[in-house]
Amino acid sequence: MSQMSKEDALSLPRHRHACHVMLYADTDSKLFGRYQTKHIVLMQMRFDGLLGFPGGLVDLSKETLESGLSRELEEELGVALLVSPEDHVSSSLAPAVPNLITHFYAKKMNESEIKEVEKAAVTVAKDHGLEVLGMVRVPLYFFKRGGGLPAFLSNSFIGSARSQLLSALQSFGLVSQQELAKATQQANQ
Ligand code: GTP
Ligand code: MN
Ligand code: MN
Ligand code: MN
Ligand code: MN
């Protein structure tokens with residue numbers, strides 16, 4: 001990922017900007033009543049069949065990165081969540097789209113807030129069933145025969161969403177470094 005500071009990214013004259021956010025929460029819920037799921041991490045199935053984070057293109061002539069992200073969240077999730085500059089994680093050049101900078105944010109919520117977002121995403125979000133086919137939770141655990149996180153990582157992702165996910169899981173301590181290494185090694189096998 002060709003990362004740069006947010007300030008450097010904003011000083012580029014002819015680039016477009018997009019902002020996406022990883023919403024996550026701690027949870028005590030257990031899969032099959034037995035396996036700790038530990039954290040909820042939200043992604044979405046996009047119209048193009050690729051997995052990505054909620055968010056989208058921001059028009060800096062009309063809005064800030066964060067207010068544009070809130071507008072996109074209103075469209076895609078049905079809730080205009082406030083994302084602050086402190087939630088910024090990274091900015092980088094998009095790998096496949098010329099002159100596009102993607103800014104990545106992460107916002108910790110509590111479990112009930114995440115559930116409200118999931119509910120709004122299928123009831124009031126105007127993009128539901130169109131640009132967004134559904135919200136998904138990322139399995140952060142390991143299951144039989146590469147199931148769980150390795151199988152999830154074998155899906156197709158938009159742009160650098162997969163590496164944004166992996167580095168956020170590590171830096172926010174949601175999955176250990178050893179487990180991440182195992183998951184990426186088991187993915188696509
Ligand atoms: P429209 O409302 O249809 O214009 O789409 P949008 O504004 O919601 O834009 P979108 O979310 O598709 O993001 C714009 C561009 O950013 C995409 O074409 C991708 O190249 C890239 N992109 C989309 N999602 C992600 C993501 O989760 N991570 C990264 N790194 N890039 C993404
Ligand atoms: Mn959008
Ligand atoms: Mn848009
Ligand atoms: Mn979008
Ligand atoms: Mn749109």
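Which residue bridges the manganese ion (ligand 2) and the manganese ion (ligand 3)? I looked it up: E72 does, and the two ions lie 3.6 Å apart.

Ground rules for myself. This is a predicted model, where local features need pLDDT of at least 70 and side-chain atom pairs count only at pLDDT 80 or more, while totals for chains, interfaces and linings use all residues. Residues are numbered from 1 along each chain as its sequence is written, chains are lettered from A and ligands numbered from 1 in the order in which they are written, and side-chain values use heavy atoms, with hydrogens and water left out.

**Metal site.** I checked the protein donors of the manganese ion (ligand 2) and found E72 (OE) and E76 (OE), 2.1 to 2.2 Å from the ion. Donors here are N, O and S atoms within 2.8 Å of the metal (3.2 Å for Na, K and Ca); water is not among the atoms, so sites may look incomplete. E72 and E76 are about one helical turn apart because they sit four residues from each other in helix α2 (residues 65-77). Helices (H or I, at least four residues) and strands (E, at least two) are DSSP runs, numbered from the N terminus.

Are these two buried or exposed? E72 counts as buried at 9% relative accessibility, and E76 counts as buried at 6%. The cut-offs are under 20% relative accessible area for buried, over 50% for exposed and partly exposed in between (1.4 Å probe, protein chains only).

**Ligand 1.** I found that ligand 1 has 18 residues around it, with F53, L57, E76, S160 and Q164 coming nearest; to be near, a residue needs a heavy atom within 4 Å.

Which elements supply at least two residues each of the shell? I noted β2, β7 (55-58), α2, β9 (100-108) and α5 (161-171). β7 gives the largest share, three residues.

Next, polar contacts, meaning pairs of N or O atoms within 3.5 Å. An oxygen atom of ligand 1 lies 3.0 Å from a backbone N or O atom of G55. For L57, a polar backbone atom is 2.9 Å from a ligand 1 oxygen. E131 uses a polar side-chain atom, 3.1 Å from an oxygen of ligand 1.

**Loop.** Last, I looked up P13, which is in the loop between α1 (6-11) and β2 (16-26). P13 is exposed, with a relative accessible area of 74%. I also checked P13 against E66: they are 53 residues apart along the chain, and their C-alpha atoms are separated by 19 Å.

Conventions: A polar contact is a pair of N or O atoms within 3.5 Å; within protein, one must be able to donate a hydrogen and the other to accept it, and residues adjacent in sequence count only if both atoms are side-chain atoms.
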